[in-house]
Amino acid sequence: MIQVITDVNSYINNLVWGWPALILLGFTGILMTCLTKFFQIGHFGHWIKNTIGAIMGDRDVTKHTKDKSITQFQSLCTALAATVGTGNIVGVAGAIAIGGPGAVFWMWLIAFFGMMTNFSENVLGILYRRKNSEGEWCGGAMYYLKDGLGSRRGCKQIGVILAVLFSCFCLLASFGIGNMSQVNSMVSNINTAFGIPNIVTGIILVIAVGAVVVGGLKRIASFTEKLVPFMVIAYLVGTLIIIGMHIQSIPAVFVSIFKGAFAMKSAAGGVVGAGIMMAMKMGMKRGVFSNEAGLGSSVMVHSNSNVKEPVRQGMWGIFEVFADTIIVCTLTALTILSSGAVDLTTGQLSAEAEAVGSNSLMSYAFSQTFGKPGAWFIALAILLFAYSTVLGWSHYGSKACEYLFGTKSIMVYRVVFVAIVLAGSVVEAQLAWDISDTFNGLMMIPNLIGVLVLSKEVMKCTQNYVDRKIFKKDVKPILSVFPDIQAEHEKAVREGAE
């Protein structure tokens, strides 16, 4: 049975992650970057000021609400909890092991354009969100596919079908990328570092995940806003120490990245052209696996924010990709490449690094500097990263389940999700990652179709925001496609509650 699942998954994976899908992903990011006039560069200071810069000075960003919504900071932390996971450690290491140092360049490139893909998803998420029977905001690709794409002439049924397909893929992906692959990485690293049996760690994780997930979004958001800043800062400090100790090799590391992106053979060997293509494919795949831009996943939690301005939440999407890939993934890559794990002249793993395997390259890098405690640190980092990802993805899966089966199905989903944690602790590692890759790709396709079809709405909404907030023009804000919500938000914006 396992072999049949592996063969079927491999066939589907090759289809959904072939070059056509990757080209679609890149094209969407490039198009949205152009339509928004390179917003991520042209208004860099503005979106930094209104995201990470606003945490300390703007109470609207962090002030908790009494209703069903969450704060902008909580939405970011929950989204980062889902995105900053094993992909930032194990995924980056795997990309370098297979695609060579050049994969890092393509990871950067897909993240640069992915910022505006994620921005666009969040803008559409706020524009098309509505409240459910319990007063909680519901938004995501399924809603802008159904109500946005579906509102186009002759596209009503297409919109409905794509919305259902996206929800089904998201539901299944929550058990893959959001559960089994993360849990598998946790138990494997804990076993390697501390010798604790996988099944024991799995049982403990079932209890730890269940205690938070069953409480719903409010409990998840409250937990992640405390966990995410701590775990990211601790990890970054560790990587910066190692990079600082190998600072003399950093110039050579950057040379190897750019040389590998365009000329060097891949780590797996082969002709130069094949090396470039492998670096490109692995960098793009692992980049998307890490920051999830284009999947339409994080928009489901961003839509729960108490924000009124779609572009304001869109800017948090830009920062999410920036923090995840440009900062965290880059520091992971620099740590691995500067530690001696990779021969910078050939792009191949050293004999010692080859022996430990790609999944343990960060552990190897930290061990080279800190000894055994370094391996313990990475094991704990992966534990926290993966645990937070499981929490974040439990919300995504619950929203997909709600869309398909109604609000009463959410608790059933949460129970099943927690039970799957135990399965993730015993499933074969490679199969868990392969299944995750497949469902990522399946989610991506309908979501990107929706973003492309509704791209002009994102462009108009962005220009409207720029005119009002940056150029101080007196124009009517674009806040929602629904007249009643538009009127409600307009009133709030006039009163200064953005």
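Let's start at Lys37, which is found in the loop between α2 and α3, residues 39–42. Bear in mind that this is a predicted model. Phi of Lys37 is near 60 degrees, a positive value in a residue that isn't glycine. As background, most residues other than glycine have a negative phi. Lys37 counts as exposed, because its relative accessibility is 59% and the cut-off for exposed is over 50%.

How is α2, residues 19–35, placed against α8, residues 102–127? The two pack at an angle of about 70 degrees, and their axes are 8 Å apart. Angles of 65 to 115 degrees count as roughly perpendicular, so that's what we call α2 relative to α8. On the α2 side, the contact is made by Leu25, Gly26, Thr28, Gly29, Ile30, Met32 and Thr33. From α8 you get Ile110, Phe113, Met116, Thr117 and Ser120. By class, that contact has six nonpolar residues, six polar ones and no charged ones.

Next, the core. Which residues touch the most other members of the largest nonpolar core? Phe39 and Tyr235, out of 138 residues. Helix α16, residues 310–338, gives the most to this core, with 15 residues. Leaving aside residues up to four places away in sequence, Phe39 touches a list that includes Thr33, Trp47, Met116, Phe119, Val311, Met315 and Ile318. You'll remember Thr33 and Met116 from the contact of α2 with α8.

Last stop is the loop between α22 and α23, residues 483–494, where you'll find Phe471. Is Phe471 buried or exposed? It counts as exposed, because its relative accessibility is 51%.

Lys472 has a positive phi of about 60 degrees although it is not a glycine, and it is exposed, with a relative accessible area of 64%. That's my tour, so over to you.

Methods:
Residues numbered from 1 in each chain as written. Predicted model: local features only at pLDDT ≥ 70, side-chain atom pairs only at ≥ 80, totals over all residues. Heavy atoms only, no water. Axes fitted to C-alpha atoms, helices over the stretch in contact; angles between N-to-C directions. Helix = DSSP H or I, 4+ residues; strand = E, 2+ residues; numbered from the N terminus. Parallel < 35°, antiparallel > 145°, perpendicular 65-115°, else oblique. Contact = heavy atoms within 4.5 Å. Nonpolar A, V, L, I, M, F, W, Y, C, P; charged D, E, K, R; others polar. Core = buried A, V, L, I, M, F, W, Y, C linked by side-chain atoms within 4.5 Å. Buried < 20%, exposed > 50% of the residue type's maximum accessible area, 1.4 Å probe, protein only.
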